[in-house]
Amino acid sequence: MNSIINSIYFRRAGTFCAGCALTVAAFCGGSMTAFAGEQRNIIANKIMQLQESSQRWIEIDLSRQRLIAWEGNIAVYAVVISSGKSSTPTRTGTFAVQTKYRVARMTGPDYDVPDVPYTMYYDGGNAIHGAYWHNLFGNPVTHGCTNVAVNHAKWLFEWASVGTPVVVHKSQV
């Protein structure tokens, strides 16, 4: 008799726990989806707004590992990039070039890179800059920055100014 009561108790407890887990997943998962969808809408609206202007702006597509320089809705320059690896991803969102340095030193917990050419910070410590230390463009390998070949970084550096919008997103490949 005791074993029957215990098995019914454990079955009911298991059903209750499973129900709780599904409820939490539904609420939390749904809100994360809503947040992700909301951010995609903000990014899509910003892109539409920039394309309707004649303003210079930069698009970074993390899915395709591409950077496109735009003047309104006209693409004027496109390059292959290396963005952040999965452990240190490049953040999506709408930003603007904050500062520009012809040469910068970049340091972090596991790197120290001197003489980084044509650096344009757009999101805290994340920047678009030249990378002379690798040739892995097209692959996410950075600590969050957007790496381009040095000659492309020079062109972008001369074309963009402080305040130039930068839109970072993941496209539907």
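Asp123 is buried, its relative accessible area being 13% (buried means under 20%, exposed over 50% and partly exposed in between, with a 1.4 Å probe and protein chains only). Its partner in a salt bridge is Arg91, with the closest N and O atoms 2.9 Å apart; a salt bridge requires a side-chain nitrogen of Lys or Arg within 4 Å of a carboxyl oxygen of Asp or Glu. Arg91 is partly exposed at 48% relative accessibility. Because Asp123 belongs to strand S6 and Arg91 to the loop between strand S3 (74-80) and strand S4 (93-96), the pair joins parts 32 residues apart in sequence.

## Basis of the model

The model is predicted: local features need pLDDT of at least 70 and side-chain atom pairs count only at pLDDT 80 or more, while totals for chains, interfaces and linings use all residues. Residues are numbered from 1 along each chain as its sequence is written, and side-chain values use heavy atoms, without hydrogens and water.

## Overall organisation

Two helices and nine strands make up the elements of the protein, in the order α-β-β-β-β-β-β-β-β-α-β from the N terminus. These are DSSP runs numbered from the N terminus (helices H or I, at least four residues; strands E, at least two). Of the 173 residues, 36% are buried.

## Further salt bridges

The whole structure contains five salt bridges. One of them pairs Glu71 with Arg56, at 3.4 Å between the closest N and O atoms. Glu71 lies in strand S2 (residues 66-71) and Arg56 in strand S1 (residues 56-61), 15 residues apart. Both are partly exposed, Glu71 at 29% and Arg56 at 38%.

Glu158 and Lys154 also form a salt bridge (3.3 Å, N to O). These two residues are four apart in helix H2 (residues 150-159), which means that about one helical turn separates them.

The largest pocket holds about 430 Å³ of space. A pocket is an open set of points on a 1 Å grid over the protein atoms alone, where a 1.4 Å probe fits, with protein on both sides within 12 Å along at least five of seven lines; lining residues have an atom within 4 Å of a point. Its 20 lining residues include Gln39, Arg40, Thr92, His169 and Lys170, the closest to the centre. Helix H1 (residues 2-51) contributes the most to this lining, with seven residues.

The second largest pocket holds about 230 Å³ and has 17 lining residues, with Tyr111, His129, Trp133, Thr142 and His143 nearest its centre. Strand S5 (99-108) and strand S6 (111-123) each give two or more residues to that lining, and S6 gives the most, with four.

Conventions
Points joined across faces, edges and corners; volume = space filled by probe spheres on them.
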